[in-house]
Amino acid sequence: MLIDLLSQLQGDWPEQQYTSVSSLRHRQQYSQVFTPFAVAEFMAAWGLKVRGGVKKVLDPAAGLAVFARALKAQGAASLQITAYETDAQVLHRCQDVVDYLRPSMDFEFHAQDYLQSGWEATYDLILANPPYRNFRELTGREQRVEEWSEKLSVTLSPATNLYVFFLLKAVAQLRVGGRCAFLIPSDFLQQDYGEAVKQYLLRNGLQGIVAFAAEASLFAEVLTTSCIVLIEAGSVAETVEFITVNGMDGLQGINATLDCHNEQSPGVLRQRLALSALQPAHKWNDCFQIKTTVRLKHSTLFSRWARISRSP
Ligand SMILES: C[S@@+](CC[C@H](N)C(=O)[O-])C[C@H]1O[C@@H](n2cnc3c(N)ncnc32)[C@H](O)[C@@H]1O
């Protein structure tokens with residue numbers, strides 16, 4: 001019985017359970033798209049390699065605490081985990097998970113908007129899959145763009161999507177040498193608003209980006225291209241790894257030091273580029289060895305039929 005519960009918590013069961021009892025409308029309202037456990041484990045394993053060790057961890061958009069569960073499954077103990085979550089339904093469903101985590105971890109849930117929390121605390125490790133929302137759906141976005149631009153000395157575009165605010169704030173909350181792994185859509189790599197984001201990441205310890213190939217849809221309910229952005233604060237890496245994986249199989253072919261298990265791991269394509277060669281104004285999709293944009297079967301490019309312009 002206990003073994004059953006353990007194996008369920010070290011897998012996708014809490015999210016599957018929650019998905020079966022909550023409405024799609026509710027999940028969409030909170031942008032609830034859950035990280036597959038195997039992906040969370042990869043991010044946790046990479047994150048645990050922080051020089052000087054990991055004690056303080058942040059998950060700014062926790063859901064059912066998949067990253068804390070993945071850290072525990074990787075054998076991490078005695079961590080102080082701070083988690084933010086705004087949905088009361090998720091918090092209510094999370095009790096089993098919290099009971100499972102608490103004996104070996106100091107796990108603190110804040111029923112609060114992470115973006116409105118303070119900026120002062122610093123962390124050794126930040127793992128996240130933040131909510132995805134288009135900039136048009138955001139309330140108070142001009143104010144947020146202004147605040148983030150001023151705090152981080154970047155010029156963010158008014159067309160910046162919600163997940164970027166989570167990413168940039170989290171990077172600013174890393175201690176020197178601390179690590180952050182973010183699972184986010186990969187649209188910032190090629191869209192104009194992403195220029196300031198790429199500039200900020202290059203200045204703040206970008207180590208690599210693991211992109212999922214267009215065919216590898218990670219989420220059942222959402223069609224999006226995804227990537228994992230890996231940062232080590234204050235690091236002076238001369239190169240950045242651009243890795244494309246074909247899905248879970250490919251991801252399992254690379255280890256926590258971003259090396260392939262085998263000389264030629266199937267489902268993994270990698271390219272290491274000099275930091276000095278990376279231009280924030282360029283479309284970084286070209287840095288990967290294969291296409292990472294979504295192209296549906298039987299579809300044609302929109303640009304063949306019409307042009308579109310976006311007003312802020
Ligand atoms: C994309 S889901 C990811 C959940 C979980 N981290 C995972 O990877 O499976 C984002 C979560 O953030 C919560 N959320 C949405 N807006 C938030 C905010 N402003 N601050 C904190 N949490 C938020 C949502 O309710 C949702 O559970």
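**Ground rules.** I worked on a predicted model, in which local features need pLDDT of at least 70 and side-chain atom pairs count only at pLDDT 80 or more, while totals for chains, interfaces and linings use all residues. Residues are numbered from 1 along each chain as its sequence is written, and side-chain values use heavy atoms, with hydrogens and water left out.

**Entry 1, H9 and H10.** I took helices (H or I, at least four residues) and strands (E, at least two) as DSSP runs, numbered from the N terminus. For the axes I used lines fitted to C-alpha atoms, for helices over the stretch in contact, with angles running from 0 to 180 degrees between N-to-C directions. The axes of H9 (residues 162-172) and H10 (residues 194-203) come within 11 Å and cross at roughly 20°. That makes H9 roughly parallel to H10, where angles under 35 degrees count as roughly parallel, over 145 as roughly antiparallel, 65 to 115 as roughly perpendicular and the rest as oblique. I noted the crossing of H9 and H10 as left-handed (the near helix is turned anticlockwise from the far one by less than a right angle; clockwise would be right-handed). Contact here means heavy atoms within 4.5 Å, and by that criterion Val164, Leu167, Leu168, Val171 and Ala172 of H9 meet Val197, Tyr200 and Leu201 of H10. The residues of this contact divide into eight nonpolar, no polar and no charged, with Ala, Val, Leu, Ile, Met, Phe, Trp, Tyr, Cys and Pro counted as nonpolar, Asp, Glu, Lys and Arg as charged, and the others, Gly among them, as polar.

I then looked up burial, where buried means under 20% relative accessible area, exposed over 50% and partly exposed in between (1.4 Å probe, protein chains only). Seven of the 10 residues of H10 are buried, so this helix is largely enclosed by the rest of the structure. The buried residues are Gly194, Ala196, Val197, Lys198, Tyr200, Leu201 and Leu202, and they pack against H8, H9, S6 and S7. After H10 comes Gly205, whose phi is positive, near 90°.

H4 (residues 37-47) and H5 (residues 66-73) pack at an angle of about 65°, with their axes 8 Å apart, and H4 passes H5 in a right-handed crossing. On the H4 side the contact is made by Phe37, Ala40, Glu41, Met43 and Ala44, and on the H5 side by Val66, Phe67, Arg69, Ala70, Leu71 and Ala73. I recorded nine nonpolar, no polar and two charged residues in the contact of H4 with H5.

A search of the whole structure finds 10 aromatic pairs, in which rings of Phe, Tyr and Trp (its six-membered ring) have centres within 6.5 Å, and planes under 30 degrees apart count as stacked, over 60 as edge-to-face and the rest as tilted. Phe107 and Phe109 form an edge-to-face pair, 5.1 Å centre to centre with 90° between the planes, and Phe107 counts as buried at 3% relative accessibility. Tyr132 and Phe219 are also paired edge-to-face, at 6.4 Å and 65°. This pair links distant parts of the chain, 87 residues apart: Tyr132 is in the loop between S4 (123-128) and H8 (141-152), and Phe219 in the loop between S6 (206-212) and S7 (226-232). Tyr132 is buried at 15% relative accessible area, as is Phe219 at 6%. Ring pairs also link Tyr84, Tyr114 and Phe166 into a cluster.
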